[in-house]
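My notebook for today is open, and I want to look a few things up. I'll jot them down in the order I check them.

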Protein chains: 2
Amino acid sequence: MEGMQEQDLQEKIKKLIKEKKINELHNMLENINSADFPSLFEELEEEEILIIYRLLTKVKAAEVFAELDSDLQEKLINMFTDKELKTVVNELFMDDTVDLIEEMPSSVVKRILKNVGLQDRKIINELLNYPEDSAGSIMTTEFIEFKEDITIQDGFEIIRKTGLKKETVYYAYVVDKSRKLLGFVDVKEMLIADRDKKITEIMEENPISVLTTEDQENVAKMFDKYNYIAMPVVDKENRLVGIVTIDDAIDVIQDENTEDFEKMAALIPNEDTYFKTSVFKHAKNRIFWLLVLMLSSTITGTIIQKYESAFAVVPILVSFIPMIMDTGGNCGSQSSTLIIRGLALDEIKISDVLKVIWKEIRVALMVGIILALVTAVRIFLQYGNEYANNIINLALVVGLTLITTAIIAKLVGGVLPILAKKLKLDPAIMAAPIISTIVDMCSILVFFKFATLILNL
Amino acid sequence: MEGMQEQDLQEKIKKLIKEKKINELHNMLENINSADFPSLFEELEEEEILIIYRLLTKVKAAEVFAELDSDLQEKLINMFTDKELKTVVNELFMDDTVDLIEEMPSSVVKRILKNVGLQDRKIINELLNYPEDSAGSIMTTEFIEFKEDITIQDGFEIIRKTGLKKETVYYAYVVDKSRKLLGFVDVKEMLIADRDKKITEIMEENPISVLTTEDQENVAKMFDKYNYIAMPVVDKENRLVGIVTIDDAIDVIQDENTEDFEKMAALIPNEDTYFKTSVFKHAKNRIFWLLVLMLSSTITGTIIQKYESAFAVVPILVSFIPMIMDTGGNCGSQSSTLIIRGLALDEIKISDVLKVIWKEIRVALMVGIILALVTAVRIFLQYGNEYANNIINLALVVGLTLITTAIIAKLVGGVLPILAKKLKLDPAIMAAPIISTIVDMCSILVFFKFATLILNL
């Protein structure tokens, strides 16, 4: 596929289908990576997709199927014969089957479950019962399991016999008679060691594992920390029930990052992509915080109203409002973003709050003084003639407001995310939008206080 | 370690060191995962750390060393004998050695290079020369390589002999005589297949590979897409020069996300953690955008100034400014965040710009009308008595401004990130801070236009 443009490829495939050159098409499909099929299918007709799909080997067909988006999966299933459906469901890994079932309408789910063996149906039902976003909900039950008394040679036999249906063979898990997790074996160690050795001799003891109920975000963090390819999942009695593989952990990392981005922009998080989300759903996800923040910001308006007499005398004061609000908001969101991200990556802990405050105050002073000086210069240049008699006081009011605003903003931005975490809320909601709204009130109040004081209003 | 609190563990280790119970300490350390040592070391003295470090096996010592932060690495190296330094550097994987060298001051670098073999020194120098953030800069040169004419059995022999010094044995790469990449072999396939088969029979042909110069962000995206454990890196002649492993890809994903978070909060991205960054550096990273945005927002101030006569007659107008600015900013940053994230995850393409515009207009209309209605009700309730004769017109001015602002904000927020990408800039800079500043100008202008028109000012 290298070098060949996607569009050319689509054209070529359409042509081969039309001319019924099935052999040539078959050879071509063999060389395309499963992960490249979804974008390839984008411009093809459903009938063409079905023809291509039927030309794939069983294993590849299942791989491709797992990569498709749920709309296309549903369409394909509706075109499948029962036999075809059975084949794909049996080839899919258990976690992919569960994902599929969660996305399909109930009529399709019924057809899927009808074509699954009794044993698998039991496992699927169990997996479906784990809480959303838990380790149990993202794990697979297809892992290599060793009894504790086998040799490495036995281990290789087990892999040879069962490996094809396991999601990873790189790690094998050793359990005792009551299925309690004893350790894991890296296939690398197996390959290097003497084959007559007992498996327990090369086993990694005290393996890091997670409970089925563990939050998937923490599971993903542990992958990042321990550099594992797979992580065992155990129940409360430490019995091995599944594994989470690293490809799913990466998906979780990306999903959790997307969720943080969305929360930080005052959006209700949404699992679908931008285009798959309807206009109505988009509006629904956005309106809640917009209303809350809009109504909150009227408080700032009320503060301004209280100082009507001040800007009646010095109307120029009003023109500084946007600059003060924007700068306060930006100062605050810089700090809150750094803290939110630091908390998410475990680089900042709740107990660091005093260190954060001390750091933010010093940064705020530096930043605030520079902002104040630059603005003072601008005020002299812009209004030097117009307000000549009062220019120093005006610059003083705005400059002091900027310094105070920077300090307030950086403190609010630095502390609120930590407070949220302390209260077991998601720190990501304490981001730019809320911080700006809070800082606005403070900075406008400070501004008019300084103005009435220094300008004797 | 399970169940045992970190603090207890630290206390226990301190006690064992004091009482010189070296054997007991040694056994205890064996059961601690390499990735847990950094936090364990946090509360220990340097001398204690060195004692612990010297009790670890060679392989584990190198693993632990690679996990430490650069300050502690530097301190340890300064305490190491030349022989100890040589051991750790020889045990480290090449990519970790390169990372280490990049972080150390030149005196330490000299000592490190002195203790590295000539061959390795050559490789290190080559790796150091790849552009920052390229595939070459994050790859390792320790991978398993097969010639094309060997059997699977031969392959196992090669793994057995060389596997210990390779970063992964899960994939082996097949090259021809001129070292051109032909394909890769998954160890799973090797374990399942007949050992007499030629390696080329089970080899995955046309492997996905990346150039040494490829941006690390794209490399990470390909891991996400293709679900690989490692990715081959080739030069322009398609000769295999290294591999990137998935643990490094996860680090890249997290780093790139952090960079986006920082850019979206008007920060200059910074690779160090919050606490490792000095106050001065923090201020430096924050001041640039604060100044740019502060000076830009004076334009909004100038617009307000032009309408001095309007709010001299109806002073209440001024109190709506914060609400309009905040709502516009929030509307805009919601859209820009969704688009920036969609672009980063390749869910939105540059060519989708018209689809985005059409979607945003409809969402903006829905959201804007709701905001306008809620605000109208609030205005009636809050100012119904005070401004009785003009209340409908006032509500009309503010309501129409909100609807128009929502549309402008969502269009600006939706289109600018795509435009940035089109211009080969990072879409992440077109986030809340810039969008707010631009939308502020528009919304305040719209507000006073409606006000002068409808209220006859």
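I start with a definition: two residues are in contact if their C-beta atoms, placed from the backbone, lie within 7 Å. This is a predicted model, so I note the ground rules: local features need pLDDT of at least 70, side-chain atom pairs count only at pLDDT 80 or more, and totals for chains, interfaces and linings use all residues. Residues are numbered from 1 along each chain as its sequence is written, while chains are lettered from A and ligands numbered from 1 in the order in which they are written.

**Entry 1: the two chains**

Helices (H or I, at least four residues) and strands (E, at least two) are DSSP runs, numbered from the N terminus.

Next I looked up how the copies are related. The same surface serves both copies, as 100% of the contact residues of chain A recur in chain B.

**Entry 2: helix α20 of chain B**

α20(B) covers residues 353-383, 31 residues in total. From first C-alpha to last, α20(B) reaches 42 Å, close to the 45 Å expected at 1.5 Å a residue. (The expected span is 1.5 Å times one less than the number of residues.)

I checked burial too: a residue is buried if 20 or more other C-beta atoms lie within 10 Å of its own, exposed if 12 or fewer, and partly exposed in between, with C-beta atoms placed from the backbone. The buried residues of α20(B) include Val356(B), Val363(B), Val367(B), Leu371(B) and Ile379(B). What covers them? The cover includes α17 (279-306) of chain A, plus α19 (321-344) and α21 (391-422) of chain B.

**Entry 3: strand β6 of chain A**

Five of the five residues of β6(A), 230-234, are buried, so this strand is largely enclosed by the rest of the structure. Ala230(A), Pro232(A) and Val234(A) sit on one side, with Met231(A) and Val233(A) on the other.

Which strands pair with β6(A)? Strands count as paired if DSSP finds at least two bridges between them. β5(A), residues 210-211, runs parallel to β6(A) with two bridges, and Val210(A) stands opposite Val233(A). β7(A), residues 240-245, runs antiparallel to β6(A) with five bridges, and Met231(A) stands opposite Val244(A). In the hairpin of β6(A) and β7(A), which has five residues between the strands, I spotted Asn238(A) with a positive phi near 65°.

**Entry 4: another sheet in chain A**

Last, I looked at an open sheet of four strands in chain A, ordered β1-β2-β3-β4 with mixed pairing. β1 (144-147) and β4 (204-205) stand at the edges, each with a single partner strand, so one side of each is left without a neighbour in the sheet. Four bridges pair β1(A) with β2(A), residues 171-175, in the parallel sense, and Ile144(A) stands opposite Ala172(A).
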